[in-house]
Each structure stands twice: as structure tokens, then as C-alpha cells.
Amino acid sequence: MRSTIRCLAGLSMLLVLSGCSAPPPEVEREHGSVVVTQWNDSTELFLEYPHLVAGQATGNWAIHLTDMGDFKPIRSGTLTVRFMADTQVAQSFTIDDVARDGIFLLDPVIERPGVYRVELALESPQVSSLHVLPAVTVFATEAEAPHAEEADGGGIAFLKEQQWQIPFDVTPARQDSVQRTVTAPAEIVAPDGALVLVSAPVDGLAPADANRNAPSVGQAVRAGQLLVTLAPTTQEGGFAQIRAQADRLEREVARAERLLAAGAIPEKRLEEARHDLEVARAQAAALGAGEGDDFRLRLTSPIAGVVARRTFVPGGRVEAGEPLFTIVDPRTAWLRVQVPAGVAGSIPRDARATFTIAGSEEVHETGRLVSVSSVLDPQTRTVPTVFEIARGSRYTFGQLAQAAVPVGGSVTGVVIPNDAIIDDNGTPVAYVQAGGETFERRVLTLGASDGRRTTVIAGVQPGDLVVTIGGYQVRLASMSGNEFAGGHAH
């Protein structure tokens, strides 16, 4: 045994010294596989299958089916796979249910070589669907079947299992037209008459007992509802003096009416007394005087709305001119846009703008165009342009926004949704689905936008499937060495 080992070692050394080498052992090459991605109106098919050899089981077909309605996996159903030779069914296989959400497994053995049309018919509670593979080759021998090639590593791997676990959607880029718009800063403001300040007309106190139930911030009030009761303090020409003068003049008028009836004074004296009383009453009403003889001032809401601000404290002192309440009508709001002066004159009269609130990516649409100012703002050198918006409870007066305002005409080109555009450190990019689990990062050159869709001068072509929901997760997959989900586990 030892002599045999010594002989082998000597032979090896001889081969090395003579510059010869033993022939390498023959490596068995694996069969190649086919990857198919196909979309229809109902489902997306992503299929991996090895090349078929007649009469042999060559391994699983991993058939991934995604519901195009919500981009979630098909969770149950029956899949029928028919191998068609011309118009006849050569062989048929039925898979009774998914092996795992979204995945049907099949190991077909096809008896005869040839080129088949393969139909995959799905019947599921979620959706019914048919996919057709026009040419699937079954080879006569293993030697004829193509062997596996090294993967080129191109693209970003983002597995179906990853896509199914997150909100995900793709949309085809289209040749279309978008309105020409200009982007400008904006602010949500109250319409004229929809915001009022209720101020103290005189110095005084806000008695605690009378203001215990005064409306608070956020509380709805109706027009004419009592807001605050004030006890005016003594001052020259103050409320108490005006109210006292009105009471005295009422008595004076009553006395003059009696004297006139007795013939003791001329009618002119009564007319003068009545005039003085009207003036005194008007002064008292201007200060907010109401019914009662307690010399307190009662301020009411001039409009129906919601209390946006309340500054007085029951039991505290107020000064003349001090704002006590801010009342707003929440039913509508205005979007005031600072439009560049050069394009303000091009805004169509029936224009509708789109806008996003600072800190949010949700796109909102305005109502009618209210006005385009004819006066340039001297600070911003822009033209204030106002649109009406349905407010509800989504916006707050004073919020900042970014608006896209139509300025007439349209631009035609390759169009994608704005949701597909990602700001990658200042560079606009989109992620395009090149295959079921393969994506590409495309740098974009952008054109005109209407606030919801944007024309793309370079980066995508019509028909490219751009990711509109889930793009940031695809980006994470590209940054993590394509191992985001740990690969398949079929």
C-alpha cells in the first residue's frame, strides 16, 4: 500500500516537472431554465421552469400569480396547465391549490418532444385568468437541452414574496398630453367674510359668573349666539354713560309727549327729543348694547362658524380694541398662490390647480378660480392668484402648500404618474419592472407636469412599467445587495 502511494506521488512529481498536467475531471453541467413574465388585465404571471426533456421529470415549475387588482398573491384556486399540440390537448395537469400564497408548483413529465403552446387557466375566488405561453420546447434528449449559463447580475432583484408583503403597484408609461403648469408657493387662507374678529369695544371686566359658559376653541357657534359679557369700567364717553344718556332721553321723550298733549310745548321740542334718543340708542347699539338694564355689554357672533381662537379669561380685564374671539366658517377655504408675473395672464378662466400641503405628498385639487390680482406683490414680485377649495377638516388656515397652476396649452410626450418619481439625493429617478422579480433604476429628465402626471424627456419609454407604490422598498433592495428577503424558498 505504501509503495503504491509512493509511486503515485512520484508520478505526480514527474508530471509537474515535465510541465504536463492531468486532464481535468469532466463536470456535469446543469440544465438551463426559462424565466417568463406576462401580464393581462387580471393577473401577473411570473414563471421559472427548467428546460424540459421528453419522458423526464426535470424539476418544479414555480408559477407565481399576482392579482393585478391589488398586487397581492392569489391565495387559493385551481390552476390547469394544458400542453397544446396544434389545437389538440397533448397533456393536461391540474393543480388543486396553491403550495403557498401566490405560488403553484408543478413537475410535468411530457412524453413526446416538440414545441407546445401552453395554457395556464386560473379559477380562483379572487379572479379568473388565462395566460398563454406560445412556444415551450420539450427536447428529445438531455444533450439537446441548453445548459445553465452564468447570470449576468444585471438589474435589481426584488422577489415576489417581497412585493406581496408591502403596498405595491406599477403603471405603464404612456404617450399622452399634460397641461402646461407653473409651480408656485401657496397658502391656505380664509375667504373674505369667513373669518371675523370679535374685539372689546370698551375697557371693562369679563365677569366670571356671566362668562362661565362662554364658547371654547373648536366649539361651533351660530350667528347671533352670545360670546362674552363685559362690565364696562367708567370712562369719558364710556358705555355706561351712553347707556345712561339713552335711558334719560327715553324719559325726556315720554315727558315731552305728555307736555305736547297738554299744549304746554311746541311739537318741535318733541321732535328734537326723539332725535337725541335715536342718536343715543345708535351709540349704545354700536357698542353691543342688548336688552336689559344691568349696564353690561353683550357681544355676539356675527357669523356661524367655529371658534378658532379665544383670548379672554373669565374674571379678567379687557381693553378697548383687544381681540376676544376669532370665528371662522369651516365650509370653504381659499388657496392663495404666488404666481410669477410673467405667466399670470395666461391662466385660463376655468383653471383648476393641484397642490400638496407642506409635509405631505398627497395631491389635492382646487375648485373654481376666484381671482387673479391685477396688482403685483412688491415683496415677492408675484401676482396673488386665488382658488376655492373644499375645506372640510383636512386643511387649516395658514398652512403652506406647493401648487401647480395651469397656464394654458398642453405638452405631449411620454407621461408617468408623479408617484413614480423618486428624489434620489436631488436626482429624479424611477424604478422600472423589467421582469417579475427584476427592476431597473432609471435616471429621468423631466418635462412639463400638471401636478399629478409628468412628461419624461429621457429615462423611460412607452410601455415601461414604472413602480408607483413601493419604489422606496425597491431602492432599499438595490442598496442591500439584493438579499432583502433572503431569496426564494419554493
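Modeller: Aspartate 424 is buried, with a relative accessible area of 10%. (Buried is under 20%, exposed is over 50% and partly exposed lies in between, using a 1.4 Å probe and protein chains only.) Before going on, a caveat: this is a predicted model, where local features need pLDDT of at least 70 and side-chain atom pairs pLDDT 80 or more, while totals for chains, interfaces and linings use all residues. Residues are numbered from 1 along each chain as its sequence is written, and side-chain values use heavy atoms, with hydrogens and water left out.

The partner of aspartate 424 is arginine 475, and the closest N and O atoms of this salt bridge are 2.8 Å apart. (A salt bridge here puts a side-chain nitrogen of Lys or Arg within 4 Å of a carboxyl oxygen of Asp or Glu.) The two residues sit 51 apart in the chain, with arginine 475 in helix H6 and aspartate 424 in strand E28. (Helices are DSSP runs of H or I with at least four residues, strands are runs of E with at least two, and both are numbered from the N terminus.) Arginine 475 is buried too, at 18% relative accessible area.

Now for the helix itself. H6 covers residues 471-479, and its buried residues are Gly471, Val474, Arg475 and Ala477. They lie on the same side of H6, because they span an arc of only 155 degrees around the axis. (That arc is taken from the directions from the helix axis to the C-beta atoms.) What do these residues pack against? The list is strand E11 (156-157), helix H2 (160-165), strand E28 (422-424), strand E29 (427-435), strand E30 (438-443) and strand E33 (465-469). (Contact means heavy atoms within 4.5 Å.)

For comparison, take another pair, arginine 453 and aspartate 176, whose side chains meet in a salt bridge at 3.0 Å, N to O. That one joins strand E32 (residues 453-458), holding arginine 453, to strand E13 (residues 174-189), holding aspartate 176, across 277 residues. Arginine 453 is partly exposed at 27% relative accessible area, and aspartate 176 is partly exposed as well, at 32%.

Arginine 442 and glutamate 440 also form a salt bridge, 2.8 Å from N to O, and glutamate 440 is partly exposed at 31%. Elsewhere, Arg82, Arg117 and Glu119 are linked in a salt-bridge network. The structure holds 15 salt bridges.

Definitions and conventions:
Arc of directions from axis to C-beta.
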